[in-house]
Structure formats: C-alpha cells, structure tokens
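Subject: Structure handover

Hello,

Please find the structure below. My notes on it follow.

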Amino acid sequence: MTTTADNPARRATGPFGFFRDLKTARKLLASFLVLIAIMTGIGLLGLSKLATVNTQLDSMYHNRLVAVDTLGRVEARFEALRFRLVDYTIAPTPDAKQRILTRIGELDGLVDDALATFKEASTSADHSGYDRIVTDMALYRQVRDTELLPLAQAGRVAEFVILHEERITPLAVSIAEAIDLQIEVENDEAEQALTAAEADYSASLTTIVGALVVGAVLGLVMALTLGRLISRPLARTVEVLQGVAAGRLDRTLDVDTRDEVGDMARALNEAIDKIGSAMRGIGANAQTLAAASEELSATSGQMSSNAEESAAQAGAVSAAAEQVSSNVQTVAAGTEEMGASIREIATNAAEASAVAARAVTAVETT
C-alpha cells in the first residue's frame, strides 16, 4: 500500500497560504521587503521621537533661556541707566549733559525692547515678577524725569543725592528683586521642561529599543519560517529519493504548494507512480511466463511418457516378429519391411524422448 511521507507544510489559508505558493525568489524578495519596511518604520519612529525631543529642547531654549537672558539684559541696562543718571549730575558742560540725556533715552528704549522680547518669548503662566518690573520701572522714570533731572540741571546735588537715596534706591532694589523672582520662575519651569524632555527621551529610547527588538524577532521568525518552508520539503524529498534508491516505491510526497518545491514533489510523485506501474507490469509478465513454463513442462512430460510407451510397444512387436519369423517364411519380406518401419518408429521415439528431455531442461532453466 502506498503511504504518504510526513508533510512539513500542510495547506494553509489566508495571506500565509498565499506566501507559501510564491516562487522561492519572490519569497526571499518579499521577506527582504518586509524587513526593510520594519526597519524603515523603526527609523521613522526614532526620527519622530527625536524630533519631538528636539522641539521640546528648542522650545525650552526660546521660551526659557531667551526669556532669562532678556531679563539679564533688562537688569544690566537698568544699572546703566542709574549710572548715567549719576553721571548727569557731575557732567562738566551742557554738551556732556546732553549726550548723557541722549544715552538715557537710548537705554530706556533698550529696556522697553528687552521687556517686550521677554513678554513675547516667555510662556510662563506666572508673570508677577514681570508686572512688578514694569510698574517699578514706570515709577522710576517718573521720579527721574520729574524730580531728579530738574535737581541735577539746577545743580542741587545735595538734594539730588538725598532724593536718589530715598526714592531711586528702593525702586532699584525692588526691580532687581522682581527680576530675580521672574528669573527663578523661568528657571523652575525650564527645569521642569528639561525633566519632561529627559522623560520623553527615555520613553523614546525605550520605544525605539523595543521596536528594534520586535523588528529583530519578526525578522528571525520570518527567516526561520522561510527556512522551514524551503528546507523541510527538500529534506522529505531526499528521504523519499533514498527510499526509491533502496527499492521502496510505497512513499510519496504530500507537498501541495505552487512553488518550485511543490513542482518538484509532484514530478517525483509522478515518476514514482510510473516506476511502480512498470514494476507491476513486469511482475504480471513474470507470472504469465511462470505459468507458460509450467504448461511446457507438463507437455514435455506427456511427450516423454508417449515416447516410452511407443518404445515398449516397438519392443513387443519386435519380439512377436521374431516369434513368427520362423513360422511365417512366406511373409518374410513383409516382416522385414515391418521391422524397418518399427526401427524407424523407435528412432523417432528416441528423438522425441531427446526433444522432451531438452524441453524439460529448458523449462527448468527458465
């Protein structure tokens, strides 16, 4: 009875079955394309995560560091304003005083520009320090323009110094404290943004590493699956061919894919079937030949028996002829003729016996 070799690739349905039916070259190409798609996806994911972290760092720079730097410029320019105001009181000539006034106006514009830049750059929800800076700066300018500068122009230095200590110094201290307060707010939020960026970076790194591991596992699974789809049917084919070489024709391959391995399995099954049919035909012919040999042997035996019987009869006739030869002289000539006939019959019988013996020998040889 014909048995079926173990099949490593039973018929599958769905996309995987479609993949099994692809030619080997297309299977390899499809596997490489899938791996490339996985690696591309991982790369795009990594770029997306890095872009997110970069955006956070860029936002931290523009919205935090720029704001802090701007506040530093506000503080430096305000100090310059205070020095220019003191210089105004000791300027030796009207031209020098005018240059100082021009510089004070320029510094006022720079302070306003810096405050506007800070307002635009800062995304902090707490602007209490900024509001205090604006309020104190406006009060400082009012006292400076309406009280201090007129005293300096009139040469009333002593009164200028007293008013400066009473009004300007507290405002300067308040502005410096407000700047420090707003800088601290910005630094705290920048630290929080940095912590969030580091957390996002760690999460992104974990995600990318996880995606790489998943991609590597998928690639390994695809490689093993593809290897099994190709190597197992080939191994079974080798087993069946080794069985054919050993004279076994009772095994076939049950590989029903439409790739090169399936084509080879179907061709091998067809070849085994044809060899089996030929061997069965040879067996039937051998049985027919054996039956014919038996019939020939039986015929040869019958011919040998007939020859022996003929020889016995010839001997009896010869004895009777000798017995009557002395009494029947008149039929001597006929008797001689009869003897000749009997001798001829004996010769033929002997030849028939020899033929029968040769036939027996030929049958035994066959």
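Is Arg 167 buried, exposed or partly exposed? Arg 167 counts as partly exposed, at 32% relative accessibility. Here buried means under 20% relative accessible area, exposed means over 50%, and partly exposed lies in between, with a 1.4 Å probe and protein chains only.

Some ground rules before the rest. This is a predicted model, in which local features need pLDDT of at least 70 and side-chain atom pairs count only at pLDDT 80 or more, while totals for chains, interfaces and linings use all residues. Residues are numbered from 1 along each chain as its sequence is written, and side-chain values use heavy atoms, with hydrogens and water left out.

Overall layout

The chain has seven helices and two strands. Helices (H or I, at least four residues) and strands (E, at least two) are DSSP runs, numbered from the N terminus. Along the sequence, the pattern reads β-α-α-α-α-α-β-α-α. The chain has 366 residues, and 30% of them count as buried.

Helices H4 and H5

Helix H4 covers residues 128-153, and helix H5 covers residues 157-245. The two pack at an angle of about 165°, with their axes 9 Å apart. That angle makes H4 roughly antiparallel to H5. On this scale, angles under 35 degrees count as roughly parallel, over 145 as roughly antiparallel, 65 to 115 as roughly perpendicular and the rest as oblique. Axes are lines fitted to C-alpha atoms, for helices over the stretch in contact, and angles run from 0 to 180 degrees between N-to-C directions.

The crossing of H4 and H5 is left-handed. That term applies if the near helix is turned anticlockwise from the far one by less than a right angle; clockwise would be right-handed. The residues of the contact of H4 with H5 divide into 17 nonpolar, five polar and six charged. Ala, Val, Leu, Ile, Met, Phe, Trp, Tyr, Cys and Pro count as nonpolar; Asp, Glu, Lys and Arg count as charged; the others, Gly among them, count as polar.

Salt bridges

Side chains of opposite charge can pair when their charged atoms come close. The structure holds 12 salt bridges. A salt bridge is a side-chain nitrogen of Lys or Arg within 4 Å of a carboxyl oxygen of Asp or Glu.

Start with Arg 132. Its side chain meets that of Glu 177 in a salt bridge (2.9 Å, N to O). Arg 132 lies in helix H4 and Glu 177 in helix H5, so the pair ties together parts that are 45 residues apart in sequence. Glu 177 is partly exposed, at 43% relative accessibility. Arg 132 is also in a salt bridge with Asp 136 (4.0 Å, N to O). Arg 132 and Asp 136 are four residues apart in helix H4, so about one helical turn separates them. Arg 132 is partly exposed, with a relative accessible area of 31%. Asp 136 is buried, at 11%.

Now back to Arg 167. Arg 167 forms a salt bridge with Glu 147, and the closest N and O atoms are 3.6 Å apart. This pair links distant parts of the chain: Arg 167 is in helix H5 and Glu 147 in helix H4, 20 residues apart. Glu 147 is partly exposed, at 30% relative accessibility. Elsewhere, salt bridges that share partners join Asp 108, Asp 112, Arg 141, Arg 144 and Asp 145 into one network.

Helix H3

Helix H3 runs over residues 94-121. At 1.5 Å a residue, its 28 residues should span 40 Å, and its end C-alpha atoms are 40 Å apart, which agrees. The expected span is 1.5 Å times one less than the number of residues. The buried residues of H3 include Ile 100, Ile 104, Leu 107, Asp 108 and Phe 118.

Leu 107 has a relative accessible area of 2%. Leu 107 and Arg 84 are 23 residues apart in sequence and 9.4 Å apart in space, C-alpha to C-alpha. Gly 109 also lies in helix H3, and is partly exposed at 27%. Gly 109 and Arg 77 are 32 residues apart in sequence and 9.9 Å apart in space, C-alpha to C-alpha.

One last residue

Ala 197 is in helix H5. Ala 197 counts as buried, at 4% relative accessibility. Ala 197 and Thr 52 are 145 residues apart in sequence, and 8.8 Å apart in space, C-alpha to C-alpha.

Best wishes
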